[in-house]
Amino acid sequence: MPQRSDKIIVALDVDSVDNAESIIAEIGNSVGAFKIGLQLFTAAGPGYVSRLAERGIRVFLDLKFHDIPNTVAKAAVEASKFGVWMMNVHASGGGEMMKRTVAAVAENCEKERIQKPLIIAVTVLTSSNEETLREIGVDQDVEKQVVKLAQLAAESGMDGVVASPREVGLIRRAVVEPNFLTVTPGIRPKVATLDDQKRVTTFGQALANGSDYVVIGRPITQATDRRAALGSILNEVESS
Ligand code: C5P
């Protein structure tokens, strides 16, 4: 049975390979995967993504593609060549964008005999709330918008979604596909700052809600003792 720590994806939101490597050296054997997002990808380049994957490290490439269907499908094919375990697009790019992406990546991975990465869709960012949706002209509450985008992602053949841990139950009820994954950032220990996150829970609550994987960044990466920070997040589950 997978360990609870395997469900943790640590966000390498840092500005250099050196800083990423110091996090990996400290907690690399104790978590399930590492996430490379826009900051590190832009700073370190695609070569670093491939090198991590070649070392047998599970990489979630979090570039949240959102463009016309042809561009996203082609960019996703290139990203799959890095050997990443998971990657993502924005569900709000629409059904055609997601369908064409899944089809193009599957076709190319088969042709080049590459393991097809899991492709998941971002619903509503965990830093967004109703006010943010209003600002961009979405007159729907956050939960309804998340469920709508999760259903669209499932219909479009995506492997799962990124959402707040607060919405996992709603997604599970709305999406019938049994293996549809929920990946949830917005994790904060009981005593912690929210930073820019708005829709948060603890790790324990995310697991209780049914999250398959959680993404944790600053509560671990910015701690002075990262092993201790990870340990106390894991212990919070035991004691909750
Ligand atoms: O530091 P923190 O734990 O808030 O990091 C969360 C990570 O998850 C960041 O890398 C952020 O880009 C990412 N993320 C998010 N909300 C989403 C999708 C990704 O916070 N909906």
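Predicted model: local features only at pLDDT ≥ 70, side-chain atom pairs only at ≥ 80, totals over all residues.
Author: Residues are numbered from 1 along each chain as its sequence is written, and side-chain values use heavy atoms, with hydrogens and water left out.

Reader: Why is Thr-201 called buried?

Author: Buried means under 20% relative accessible area, exposed over 50%, and partly exposed in between (1.4 Å probe, protein chains only). Thr-201 has a relative accessible area of 12%, so Thr-201 is buried. Thr-201 is found in the loop between S7 and helix H9 (203-209); helices (H or I, at least four residues) and strands (E, at least two) are DSSP runs, numbered from the N terminus.

Reader: What does Thr-201 touch?

Author: Contact means heavy atoms within 4.5 Å. Leaving aside residues up to four places away in sequence, Thr-201 touches Pro-165, Arg-166, Gly-186, Ile-187, Arg-188 and Ala-206.

Reader: Which residues cover the two faces of strand S7?

Author: In a regular strand, side chains alternate between the two faces of the sheet. In S7 (residues 181-184), Leu-181 and Val-183 lie on one side and Thr-182 and Thr-184 on the other, and all are buried.

Reader: What makes S7 a paired strand of S6 and of S8?

Author: Two strands pair if DSSP finds at least two bridges between them. S6 (residues 160-162) and S7 have 3 bridges in the parallel sense, with Val-183 as the partner of Val-162. S7 and S8 (residues 213-216) run parallel and are joined by 2 bridges; here Val-183 has Tyr-213 as its partner. These strands belong to a closed barrel of 8 strands, S1-S2-S3-S4-S5-S6-S7-S8, with parallel pairing.

Reader: Why is the unit of S6, H8 and S7 called right-handed?

Author: A crossover is right-handed if, with the strands pointing away from the viewer, the path from the first strand over the helix to the second runs clockwise. S6, helix H8 (residues 168-174) and S7 make such a right-handed β-α-β unit.

Reader: How do helices H4 and H5 cross?

Author: Axes are lines fitted to C-alpha atoms, for helices over the stretch in contact, and angles run from 0 to 180 degrees between N-to-C directions. On that basis, the axes of H4 (residues 69-80) and H5 (residues 95-112) come within 8 Å and cross at roughly 35°.
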